[in-house]
Amino acid sequence: MALVNEHYLKLAGGYLFPEIARRIEAYAVANPQTAGRIIHCGIGDVTEPLPAAAIAAIHTAADELGRRETFRGYGPGNGYEFIRNSIVEHDFHGHGLDIDASEVFLSDGSKGDCGHVLEILGPGNLVAVTDPVYPVYVDTNVMVGNTGPANDAGGYDGLVYLPCTPDNGFVPEPPADRVDLVYLCFPNNPTGSMITREQLRAWVQWAIHHDAIILYDVAYQAYITEDGLPRSIYEIDGARRCAIEFHSFSKNGGFTGLRCGYTVCPKTVEATTRDGTRVALHDLWLRRWNTRSNGVSYPVQRAAEALYSPEGTQQVARLVEHYLANARLLRQACEALRWPVWGGVNAPYVWVACPDGLSSWDMFDRMLSRANVVVVPGRGFGRRGEGFFRISAFNSRENVQEVVHRLKTFAAVRT
Ligand SMILES: *Cc1c(COP(=O)(O)O)cnc(C)c1O
């Protein structure tokens, strides 16, 4: 009989969003008269339509594929040069950062790559994640066997959890003990926190000193509004030696359904064999792509390229500003209720301490039943998410204004 990958059986807790969906469904069945009022501020998915420049590029590309003279079949596994050149020109060279187009790997989104990267890293790495954390980093490490079983603390044995709390502004310091891989995400999902240049420098220095690798997720890069904050880890000296960076077009260009992102793997990032030979990860990553993939669909690559055009850039800026303005409204509404609140300034997420000492799932239930607003309980992102909840700013303005209104009445009704 075929054997299963038993590491999957450790994924006991299940995924957070199915549990949220279950509770919404149960509420809707019990309360059919108000079910239609529910506003979703839960899952981090964009709501506004794609930028016109991207749509135009898809149409043009489709027409090209429809004519013999301009037809294209398989493209390079790591993406066409036209998009990789646009990426390095606008996202790196334009900011004085030294990244070559050959170090950019186009993908169907960065969620996948955050897990795929484990394929080129050996078993037995000691892995650190923040707590709370984007669950993908944890679950993909469970799946490849980098952890022990789930434990009573709500985490997994064998993983190093870096507490993110109000005391450290939800930005962890490097661990004192040995760690081989660490996932960092700034601007952060779920807390909306942002790391300073000095803090990121400390991480890079730590990684170089310990020969560790930082897996740096900048899916929310476009939401950085405050000056002086690092938009890429490669702004820090030495990062080319120790960091792989994950980018996505999902949250800036609204590509959550279209699917495109990219990963930067500098040629200078190395890991070691068991006998101490240093190996450039770039070679392995390129090999991995060329073996496993024929790349991203051509029209989607053209759509991503269009985001860098003058019109595309403007349209993306408008989208991001729309969500950031939503975030400001949500943040202000919480502040007006004197709920301690973080994020929402350099990120589309507002992170709130539950009032009245409620647990995060109790707060979820209360928001659902009293305000008909879906939030995400912080507990779903880790043990240290307990006592907090996340409100997503990915919504129409109308919905956000309605949520702001309901929050006021919500707080007026106490039981
Ligand atoms: C949304 C998100 C991504 C991007 O995922 P895609 O697969 O590119 O859509 C990556 N990391 C985090 C933390 C996210 O929230």
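The legends below describe close-up views of a predicted model. Residues are numbered from 1 along each chain as its sequence is written, and side-chain values use heavy atoms, with hydrogens and water left out. In this predicted model, local features need pLDDT of at least 70 and side-chain atom pairs count only at pLDDT 80 or more, while totals for chains, interfaces and linings use all residues.

View 1. A polar contact is a pair of N or O atoms within 3.5 Å. The side chain of Tyr-220 has an N or O atom 2.5 Å from an oxygen atom of the ligand. For Ser-248, a polar side-chain atom lies 2.6 Å from a ligand oxygen atom, and for Asn-189 the corresponding distance is 2.8 Å. The protein buries 94% of the 390 Å² that the ligand exposes when taken alone; accessible areas come from the Shrake-Rupley method with a 1.4 Å probe.

**View 2. Helices α3 and α8.** Helices (H or I, at least four residues) and strands (E, at least two) are DSSP runs, numbered from the N terminus. Helix α3 (residues 81-92) packs against helix α8 (residues 298-306) at about 25°, with the axes 9 Å apart. Therefore α3 is roughly parallel to α8, a term for angles under 35 degrees. Axes are lines fitted to C-alpha atoms over the stretch in contact, and angles run from 0 to 180 degrees between N-to-C directions. The crossing of α3 and α8 is left-handed, meaning that the near helix is turned anticlockwise from the far one by less than a right angle.

View 3. Most peptide bonds are trans, and most residues other than glycine have a negative phi. The bond from Asp-131 to Pro-132 is cis, with omega near 5°, and Pro-132 is found in the loop between β3 (127-131) and α5 (135-143). Asn-189 and Pro-190 are also joined by a cis peptide bond, with omega about 20°. Phe-170 is not a glycine, yet has a positive phi of about 60°; Phe-170 lies in the loop between β4 (159-163) and β5.

Conventions
A polar contact is a pair of N or O atoms within 3.5 Å; within protein, one must be able to donate a hydrogen and the other to accept it, and residues adjacent in sequence count only if both atoms are side-chain atoms. Angles under 35 degrees count as roughly parallel, over 145 as roughly antiparallel, 65 to 115 as roughly perpendicular and the rest as oblique.
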